[in-house]
Amino acid sequence: WSYLGRLGGIQPVSLQKNGCVYYNMVQHETLHALGFHHEHVRSDRDSYININSQNIQPGTEGNFVKIATNNLGTPYDFYSVLHVNNYYFSRNGYPTLTAKSNPNALLGFATQMSYYDIARVNRLY
């Protein structure tokens with residue numbers, strides 16, 4: 001886990017020894033530390049994905065709230081290392097996120113930062 005953006009001059013990032021020490025997870029948490037949100041909460045997400053609220057675990061709905069993001073002129077990125085999988089916080093084994101263009105598309109399986117992940121970092125920093 002990581003807080004979003006810098007806090008008080010330090011930025012704690014946690015990578016559990018037996019769970020998150022994978023290339024894509026390190027990149028994911030580093031992008032959070034640099035101030036980037038999950039892709040599915042982008043301000044333009046409703047044009048690209050459906051949020052299936054009936055499948056979301058009670059109490060975790062806040063993880064699906066759309067945020068007024070600065071997308072830095074980049075398109076919605078299904079291949080982003082910050083895209084979560086279709087079953088993110090599922091209460092019943094059914095997808096909480098589906099792509100509008102292809103409801104059967106598997107989301108959240110990036111193994112490294114995408115072209116647009118890198119472009120956003122370069123544009124912001």
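Reader: Where is the place of Arg45?

Author: In this predicted model, Arg45 belongs to the loop between helix 1 and strand 1 (49–51).

Reader: Why does Arg45 count as buried?

Author: The relative accessibility of Arg45 is 8%. Buried means under 20% relative accessible area, and therefore Arg45 counts as buried.

Reader: Which residues does Arg45 touch, not counting residues up to four places away in sequence?

Author: With that exclusion, Arg45 touches His40, Ile51, Phe64, Val65, Lys66 and Tyr76. Contact here requires heavy atoms within 4.5 Å.

Reader: How do you know whether His32 is buried or exposed?

Author: His32, which is placed in helix 1 (residues 23–33), has a relative accessible area of 8%. Because the cut-off for buried is under 20%, His32 is classed as buried.

Reader: What joins the side chains of His32 and His38?

Author: A polar contact of 3.2 Å joins these two side chains, His32 and His38. The term applies to a pair of N or O atoms within 3.5 Å, one able to donate a hydrogen and the other to accept it.

Reader: What makes up the lining of the largest pocket, by class?

Author: Six nonpolar, six polar and four charged residues form the lining of the largest pocket. This lining has 16 residues, and Phe36, His37, Thr69, Asn70 and Arg120 lie nearest the centre of the pocket. The space in the largest pocket is about 220 Å³.

Reader: Which element gives the largest share of the lining of the largest pocket?

Author: Helix 2 (residues 115–124) gives the largest share, with four residues.

Conventions: Residues numbered from 1 in each chain as written. Predicted model: local features only at pLDDT ≥ 70, side-chain atom pairs only at ≥ 80, totals over all residues. Heavy atoms only, no water. 1 Å grid on protein atoms, 1.4 Å probe; cavity = no way out; pocket = protein on both sides within 12 Å on 5 of 7 lines; lining within 4 Å. Points joined across faces, edges and corners; volume = space filled by probe spheres on them. Helix = DSSP H or I, 4+ residues; strand = E, 2+ residues; numbered from the N terminus. Nonpolar A, V, L, I, M, F, W, Y, C, P; charged D, E, K, R; others polar. Buried < 20%, exposed > 50% of the residue type's maximum accessible area, 1.4 Å probe, protein only.
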